[in-house]
Amino acid sequence: MIGTGRRMALIELEDVRVAYGDLVALDGVSCAIEGGAVGLLGPNGAGKSTLIRTLLGFNRASSGRVSLFGKAMPRHALEVRLGIGYMPEREVSSPKVSAVNFLTYCGRLIGMSYLDAMERAHEALSYVRLGDSRYRLMETYSTGMLQRVKLAQALIHDPKLVLLDEPTNGLDPTGRIQMLDLIRDIAGRRGVAVLLSSHLLPDVQHVCDRVIMINNGRIVQEGRIDELTTPRDDLFEVRVRDREAVFCAALDRAGMVWKAERGGNLIVSPGNGAGTSEISNLKSQISEAARAAGTHIRHFRPVRRSLEEAFMDAVGRG
Amino acid sequence: MPIYSQTYRTYDGTLRRHFRWWTVAEQELRLLARARIFKGLVLIALLHCLFYVLIILLNEVYRSNQELFRQSGLGFLTQVREFMVDERLFYMFLRFQSGLAFLILIYAGSGAISNDFVNNLMEVYFAKPLTWIDYTLGKCCALVLLGLSLTALPAVLFLALHNALLADLDQLAANWWWGPASVGFASAIVVPAALCVLAASALSRSQRYAAIAVFMVVIASSTMGVLLAQMLRDPQYLIVSVPMVVNRIGLACFRQRGYLTRIDLGLSLGMLVLVCVTAFWIICRAVRRAEVAA
């Protein structure tokens, strides 16, 4: 489970099962999220959007328990939704109104007075950096601007939890980075809990410190990203001072496998079929090879497992 | 702090918990008020109202200067039924206004729900503390209020104007029932039309198709009603036609006689209730599905 259990969890799911007719979209999902930025990773059709929609009360669990802020869903859906901001995956637009008017309406739906809603609309739009174009009709907006409006409407009422479903969909690289920076700011400086659903691993790694990996409607892995990407004891990144060719020959003689990387580093691993003893001796064997080549090691560190590898392992298991 | 330099901050205001349906209705009317075609249609409806205001004023001018009119050879105006202010005038006003109101309701309502579906707005709305009941109620209220403000409201204002000009309490005691009759007939015109348009909008994902569908249903039901009544030589079959049923109720409200009074009033009311209930059920079902998907 994500979280230490000391504080009350914002989101708690206990053996949740959601089905669309015969198709089971979530099967026995259990997790608890206390706060911070959590990534929801999974391939297309894994059940990420269904999980988010279940948290919002759009999908009803056929069995299990869903609660947000300690309140059971969907029974307390209206109270819970007061504390949630939701940015859906699909493109949202109200073509015949401006972003200001659209956000004012959203604020009023939440229960704000007209003046409060108008003020908050401007604040949220300024925050997502939508300039004077906020007064233009939304039918004239680019995808990036619509994504910003979508984020702004999720933030207008200052929610405790923001659910973001594929927030960087359709954005160019610059827009994507800006969007991710905004999300990181929300989770970091603003202290809002963020659940970011994406199949783009770099996006999740950019924003989140924890992940939940989901596949075929089941949670297959969860934890802190730095824990999931632990250093490997069978793969080292090495750079020597000089005589690199001689060092490589020494590695070959010792039966090790190496690969030159950009930047002058070598990735060294024990050869195929290496046993446990070879792996545990890898560090000393590399040192021995350097000594034999008459050079000094300048850089030496274990290679971390990438999130992609962790994800592929988890999805493979799923 | 100037509003353009404000940025995201904690919200510490209070949130209203009730009447969110009214916010939906208000927004719908606000959106409509910006559309040029809508303004044009409403202007035509208002011109029609103005025509009736003129009749009421002319009637008063004639009433207070009867001798003068007779001497100038305009005494025949008393014989023209269209210039007499009585229950028939109110019935005729609403009957003609119903066509315009129907057009306006189709324009206003055909995109009311379908556009929200097409633009994926339902997910955004229902992620906020808004229920499908609030949403449905808001949309229905907006259209019904719009329709009544084009039909019942002018009729009631005509009655007030007429009695104000007469300044005669006896007359008021005799014609007070024109007010409730106008509201009754206007409701019979507006409520089924509004609900049918919204039902078509909830079923279709295109504003245009929703509008066409409503037109087709009205034309088809009228044609079928007339054909059945002619072939089977029984006017009761006109009950299949919704516009004729509405007209039948209008005749009953204003105690008028006509061919349509041969249709049973109870059956007409039943038919209208059935249409309303079915349309409302379709709207509820479609909108609820947007909030509670599975």
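Good morning. I begin with chain B, whose secondary structure comes to 13 helices and zero strands; helices (H or I, at least four residues) and strands (E, at least two) are DSSP runs, numbered from the N terminus. Along its principal axes, the C-alpha trace of chain B spans about 75 × 65 × 30 Å.

Two remarks on conventions are needed. This is a predicted model, in which local features need pLDDT of at least 70 and side-chain atom pairs count only at pLDDT 80 or more, while totals for chains, interfaces and linings use all residues. Residues are numbered from 1 along each chain as its sequence is written, chains are lettered from A and ligands numbered from 1 in the order in which they are written, and side-chain values use heavy atoms, with hydrogens and water left out.

I turn to chain A. The chain is divided into domain 1 (11-228) and domain 2 (231-317), with bounds that come from an automatic or database domain assignment.

Consider the open sheet of four strands in chain A. Its order is S2-S1-S4-S5, and the pairing is antiparallel; two strands pair if DSSP finds at least two bridges between them. Which strands stand at the edges? They are S2 (23-33) and S5 (71-73) of chain A, each of which pairs on one side only. From one strand to the next, the twist averages 35°. For all such angles, axes are lines fitted to C-alpha atoms, for helices over the stretch in contact, and angles run from 0 to 180 degrees between N-to-C directions.

Within this sheet, strand S1 (residues 11-20) of chain A pairs with S2(A) in the antiparallel sense over seven bridges. A:Ile11 stands opposite A:Ile33 in S2(A), and A:Ala19 stands opposite A:Val24 in S2(A). The two strands S1(A) and S2(A) form a hairpin with two residues between them, and A:Gly21 in the turn has a positive phi of about 65°. Helix H1 (residues 48-56) of chain A lies across S1, S2, strand S4 (63-68) and S5 of chain A, and runs at about 115° to S1(A).

A:Met73 and A:Pro74 are joined by a cis peptide bond, with omega about 5°. A:Pro74 is found in the loop between S5 and helix H2 (77-82) of chain A. Most residues other than glycine have a negative phi, and most peptide bonds are trans.

Chain A also holds an open sheet of six strands, in the order S6-S7-S8-S3-S9-S10, with mixed pairing. Strand S6 (84-87) and S10 of chain A stand at the edges with a single partner strand each, so one side of each is left without a neighbour in the sheet. Neighbouring strands here are turned by 15° against each other on average, direction ignored. Strand S3 (residues 37-41) of chain A and S9(A) run parallel and are joined by four bridges; in S9(A), the bridge partner of A:Leu41 is A:Met213. Helix H5 (residues 143-155) of chain A packs on the sheet, touching S6 and strand S7 (161-165) of chain A, and its direction makes about 165° with that of S6(A). Helix H6 (residues 173-188) of chain A lies across S3, S6, S7 and strand S8 (193-198) of chain A, at about 150° to S8(A). In the loop between S9 and S10 of chain A lies A:Asn216, a residue other than glycine whose phi is positive, near 50°.

The centres of domain 1 and domain 2 of chain A, taken over C-alpha atoms, are separated by 42 Å. The contact (heavy atoms within 4.5 Å) takes 13 residues from domain 1 of chain A and nine residues from domain 2 of chain A. About 980 Å² are buried between these domains of chain A, 67% of it given by carbon and sulfur atoms; buried area is the accessible area (1.4 Å probe) that two parts lose on being put together, summed over both. Which three residues supply more than any other three on the side of domain 1 of chain A? They are A:Leu201, A:Met213 and A:Leu228, with 45% of the area that domain 1 of chain A buries against domain 2 of chain A. Between the two domains of chain A, the rule finds zero salt bridges, a salt bridge being a side-chain nitrogen of Lys or Arg within 4 Å of a carboxyl oxygen of Asp or Glu.

Finally, the interface between the chains. Chain B and chain A bury about 4,200 Å² between them, 55% of it on carbon and sulfur atoms. The contact takes 37 residues from chain B and 46 residues from chain A. The count between chain B and chain A is four salt bridges. In a salt bridge, the side chains of B:Glu26 and A:Arg108 meet at 3.2 Å, N to O. Thank you.
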